[in-house]
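Please keep the sequence and the structure in view while reading.

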Amino acid sequence: MDWLNAIIQGTLLGGLYALFAAGLSLIFGVMRLVNIAHGDLIVLAAYLALSVVTATGIGPLWALVIVVPAMAVIGYVLQRGILNRVMGEDILPPLLVTFGLAVIIQNALLLGYSADPQKLDAGWLETASVKIGPFALGLLPLLTFAVAVVVVWGLQWMFYHTALGRAFRATSDKQDIAQLMGLNRAHVFGLAMAIALAVTAIAGVLLGIRTSFDPSIGGSRLIFGFEAVIIGGLGNLWGTLAGGVILGVAQAVGAKIDPGLQILAGHIVFLAILAIRPRGFFPRIDG
Amino acid sequence: MPEFLNILNLDAHYGDFQALYGITLHVDPGEVIAIIGANGAGKSTLMRSVSGLMKDGAEAIRFQGQKIGALRADQVAARGIALVPEGRQLFPSLSVEENLILGGQLGRKGPWSLKRIYDLFPILEERRHQPSTSLSGGQQQMVAIGRALMANPDLVMMDEISLGLAPVIIKQIYEALPGIVGQGMAAIIVEQDISKALSVSRRVYCLQEGRVSLEGASNSVSREEISRAYFGV
Amino acid sequence: MSSQMSKSLYVTRVSRASSVAMVVGALIALTLIAAPWWAGRAEMRLMAEIFLYISLASLWNLLAGYAGLVSVGQQAYVGLGGYALFGLTMLGGVPPVPAIAVTGVLGALIAMPVALLIFRLRGAYFAIGTWVVAEVFRLTAAQISALGGGSGTSLSPAIIKSLADGRDAREALTYWLALGLCLVVIGAVVVFLRSRAGLALTAIRDNELASKSLGINIWRTKFFVYVITGGLTALTGALISLQKIRISPDAAFSTNDWTAFVIFIVVIGGIGTIEGPIIGTLIFFALRQTLADLGTIYLIILGALAIGIMLRAPKGLWGLVRERFGIELFPLSRRVRGQDD
């Protein structure tokens, strides 16, 4: 029964990892960009929420009203101001630029907020739980998982049923030709990054409510998101959710064996999946 | 003569390689011109320059009185120039209908709508929800033409629309052309098939090694003139 | 006249600048070898650290700048080398100097299965894959309780003493090891880049089409580069840990120290050139000596500088110098010259 409980908790944790991954997946899908600073942007969102909460006294979930649009704006400006200048055939420049950004964000946070661990206080939500059969499921993990499902569904719907999604797919297919249709690539990329960072804002706030955070933890959040993307298969958002769940379960089961093994177990399962199914479980089929 | 499309001394380069040398040509409002020439003569480069995919010659290209040479492709499109690119270049992740809708996404006013495209090419309506890549070559070419028309452009440029298609299909597409360009829309038809190009155009330009080697009325240029301009013999 | 001209033309890699550089380089090398007789302890330690960073930077540059293998996880091999040295000497009783040599072999051996696995990831995802591997190594090292687990351990005084008789001799030895490694790494990079496979890699980097006509197995060449780099990086890591005498998972596998700094060094100096990592390291240390008090701001400045260089001068400072003056200190490019040139 303990094991089953670990699996259930791991599944719910997977929702958070899917949220880490969704933005990564979206920008890779639209512009083939891998953003090394993604994890640090998640942490930045958590700190933004912390500042909003401290300044206004509202709850961290309400802070989303400010943090989500703020991160979206940061994403758009970042893309148009810096990243668009290095987009191209060569993957090295965007990789190194986002790596530089990661270091800058991390150290700027260190400067502004110190290395002390912080936490977002969501009051009763953190301790509330629902009893289902023999299992007590925390309300926050349940909420996180539900948010992940809604976000993935929303992104999927946006991608396949809206004019913006059409523009994303067209630009992803053929940048030149999309430009001929009147789509400005720089703007489309900016919007994709804005949406990715809006999702990142949600992920950052839920992370900050769940655990304490400090400026140095961005790297491992990037890695968790990345592992979820690869396990699920590139370019498939539902696959990314499944990937997050697999990673979450691996970590929960690992922690059950030995608390020191939690993170390692996740990495090992990822490497094992890479060895046996290098394209992930649900690779994109439509090209 | 009102100014429509005027190109004056256009050069174009790919890195160190010069592809166009001082091209000068013009299109009048509502006029259909043909551009012919052998492979590598610079026809597609000319299309890329006019459409904004290549940004040479900021001063060289004027459209409806404005310099458009330095504009991005999306800005050129917004001013009313649409390109049917060589090799069709449909978006594989988009359905037939989505490809068409994307073509019209700038929202320019004009006679063309989804319904009119489907009237022109009824087969596309049957296939509207299929992925564009599942269509035959001819049907894909219809989508590519429809996609450009959906922009309701003032000038449409068609780059080698008969390339790789069966003669029956080419015939079908060319029979549809007068209905397309007969509505005040100007057109540049780039072709290797000389007789097809001459049959639909009022004037013709021949390119050879990046230069204009012949210019004349389509119904008066002679075979000899064309082959001299075409092959340089 | 023209026949005379054609007779006197020949192809060479050596330019006047590179010949001068060779002579000056040899003189500098001799001076550096003699450092224990003219430099103080603190200077020698600083120089040794510089040599080790030049090694790391040159190796990363070979991976990313030439082989297109952009790794952000080379700290995996730095830490591996350190932990292997500590394990071999403290747990296995191997004398330090042979143990250092073994760490290099070990690094190369472990790089092989790692390469088989992460070569499945393309482009930028390869980069994050290397990071995962480094994390796995770090977390595994934290599980080794015999070496202090998560908090690490120090090299025992007996082992340090076994290195050489007397403190001066030990300092000189660690210095010479660092200098020797640095020269070996630069030499290996030059030799490799002048080889057929190295030329092929450079050609592929500069022109994707070229790869098809060269008849070189690209995958195997990249594999070879990754494995050799892994071995030499582990060797560097062993010397770093010998210098520090202490080891802990967080320090030995630090992303900031062994990857962020190294990447900034190479980007600032000039990626895809041999001179770049050397110049970048010198700039990095010069900045560090003057800005180190700024702490975190120093890192922010470095990051911003690297981004600025990627945006404005992607070939780095050496790239700018080479473009302006056309000089090359290492004889790599072939040029056509007249006899009396």
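How far apart are the nearest C-alpha atoms of chain B and chain C? They are 14 Å apart, and the two chains do not touch. Contact here means that the C-beta atoms of two residues, placed from the backbone, lie within 7 Å. This is a predicted model, in which local features need pLDDT of at least 70 and side-chain atom pairs count only at pLDDT 80 or more, while totals for chains, interfaces and linings use all residues. Residues are numbered from 1 along each chain as its sequence is written, and chains are lettered from A and ligands numbered from 1 in the order in which they are written.

There are 2 pairs of chains that touch, and the pair with the most contacts is that of chains A and C. Here 35 residues of chain A meet 32 residues of chain C. On the side of chain C that touches chain A, at least two residues each come from α7 (123–142), α14 (255–269) and α16 (296–312) of chain C. Such elements are DSSP runs numbered from the N terminus, helices being H or I with at least four residues and strands being E with at least two. The most is given by α7(C), with 11 residues. By class, this side of chain C holds 24 nonpolar, 6 polar and 2 charged residues. In this classification Ala, Val, Leu, Ile, Met, Phe, Trp, Tyr, Cys and Pro are nonpolar, Asp, Glu, Lys and Arg are charged, and the others, Gly among them, are polar.

The contact between chain B and chain A takes 19 residues from chain B and 17 residues from chain A. On the chain B side, the elements giving two or more residues are α2 (73–78) and α3 (96–103) of chain B. The largest share, 4 residues, is that of α2(B). The side of chain B that touches chain A divides into 11 nonpolar, 5 polar and 3 charged residues.

Chain A itself has 12 helices and 2 strands. Read from the N terminus, its elements follow the order α-α-α-α-α-β-β-α-α-α-α-α-α-α. Its C-alpha trace spans about 60 × 50 × 35 Å along the principal axes. For 287 residues a compact globule would have a radius of gyration near 19 Å, and the 19 Å of chain A agrees with this; the radius is taken over C-alpha atoms, and the globule rule is 2.2 Å times the number of residues to the power 0.38. Of the 287 residues in chain A, 57% are buried. A residue is buried if 20 or more other C-beta atoms, placed from the backbone, lie within 10 Å of its own, exposed if 12 or fewer do, and partly exposed in between. Among contacts in chain A with a separation of 6 or more, 76% are between residues 24 or more positions apart.

Two helix pairs show how chain A is packed. The axes of α6 (residues 139–161) and α9 (residues 185–210) of chain A come within 11 Å and cross at roughly 170 degrees. Axes are lines fitted to C-alpha atoms, for helices over the stretch in contact, and angles run from 0 to 180 degrees between N-to-C directions. The two helices are therefore roughly antiparallel, a term for angles over 145 degrees, whereas those under 35 count as roughly parallel, 65 to 115 as roughly perpendicular and the rest as oblique. Residues making this contact include Val147(A) and Val151(A) of α6(A) and Ile202(A) and Leu206(A) of α9(A). The contact has 7 nonpolar, 1 polar and 1 charged residues.

In the other pair, α11 (residues 237–257) and α12 (residues 262–276) of chain A pack at about 135 degrees with axes 7 Å apart, and so they are oblique to each other. Among the residues in contact are Leu247(A) and Ala250(A) of α11(A) and Ile263(A) and Val269(A) of α12(A). This contact divides into 10 nonpolar, 4 polar and no charged residues.

Helix α12 of chain A also holds Leu274(A). Is this residue, Leu274(A), buried or exposed? Leu274(A) counts as buried because it has 20 C-beta neighbours inside 10 Å. Not counting residues up to four places away in sequence, Leu274(A) touches Ile230(A), Leu117(C) and Arg120(C).

Chain B, finally, contains 9 helices and 10 strands. Of its 233 residues, 45% count as buried.
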